[in-house]
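Open the model in your viewer and keep the selection tool at hand. The stops below say what to select and what is there.

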Amino acid sequence: MFENFKKKLKRNRLARRPVHAPRDLSFQNFQTARACLLFGIDGESSAAEIETLAKTLGGRMKVEVLILDGDPDAATDRVEGAVYASEGDVSLSGKFMNTRLDEMIRFPYDLLVDLSRGASSVGDYLLKSSVAKCKIGMERDGFQCDIVFEGVEGLEELEHRLNELLEKIKT
């Protein structure tokens, strides 16, 4: 019972916590982007879909995958090479307790692609804290990306729209 109260308290505090993460806003296309972070929430997309997107983007730039793992004990398919973070990796005050997670959030990726489909207070806090230069994602409640693809509901459609955008847009 106390553990559930603690989780709810943390989620509420992180949802309301202002984030001051200064970042250089810029748009990068396939010709200029060198590093990309794919962010997802475990169970919202299949490992195969995420790996396909990572492989597609990986042909043009360095790609890292960060997955917020809601229940580390649950048996789900894992994304090969992904970094898994849990709610326990973020303190009640918003400090990152996992060194690798802190490094990823503080690294100025050219692109951050949000694969999450719904609001998550801890996930949204991670996204707000990231210093990525351009944040791209699907339309959803919660975190608002710099570039939002409206009406996109699946990773396959997101991949198509993302490829189209990064291929055709000039910086």
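Start by selecting R100, which counts as partly exposed because its relative accessibility is 32%. Here, buried means under 20% relative accessible area, exposed means over 50%, and partly exposed lies in between (1.4 Å probe, protein chains only).

This is a predicted model, in which local features need pLDDT of at least 70 and side-chain atom pairs count only at pLDDT 80 or more, while totals for chains, interfaces and linings use all residues. Residues are numbered from 1 along each chain as its sequence is written, and side-chain values use heavy atoms, with hydrogens and water left out.

E64 and R100 form a salt bridge, with their closest N and O atoms 2.6 Å apart. The pair joins distant parts of the chain, since E64 is in strand β2 and R100 is in helix α3, 36 residues apart. A salt bridge is a side-chain nitrogen of Lys or Arg within 4 Å of a carboxyl oxygen of Asp or Glu. Helices (H or I, at least four residues) and strands (E, at least two) are DSSP runs, numbered from the N terminus. E64 is buried, because its relative accessible area is 17%.

M104 is buried, with a relative accessible area of 0%. Then pick A132, 28 residues away along the chain: the C-alpha atoms of M104 and A132 are separated by 9.5 Å.

Next, select helix α4 (residues 121–129). Is α4 largely enclosed or largely open? It is largely enclosed by the rest of the structure, because 7 of its 9 residues are buried. Among the buried residues of α4 are V122, Y125 and L127.

Select D124 and R140 together. Their side chains meet in a salt bridge (2.8 Å, N to O). This pair also links distant parts of the chain: R140 is in the loop between β5 and β6, and D124 is in helix α4, 16 residues apart. R140 counts as buried at 9% relative accessibility, and D124 is buried with a relative accessible area of 9%.

Go to strand β5 (residues 135–138) and select M138. M138 counts as buried, at 4% relative accessibility.

Another pair to select is R60 and E167, which form a salt bridge with the closest N and O atoms 3.0 Å apart. R60 is in the loop between α2 (47–58) and β2, and E167 is in helix α5, 107 residues apart. R60 counts as partly exposed at 40% relative accessibility, and E167 is partly exposed with a relative accessible area of 35%.

Finally, zoom out and show the whole chain. It has 5 helices and 6 strands. Buried residues make up 45% of its 171 residues.

Colour the chain by pLDDT, the predictor's confidence in each residue, from 0 to 100. The mean pLDDT of the chain is 86, and 87% of its residues reach 70 or more. Confidence is lowest in helix α1 (residues 2–16), at a mean of 68, and highest in strand β2 (residues 62–68), at 96. Where pLDDT is low, the predicted coordinates should not be read in detail.
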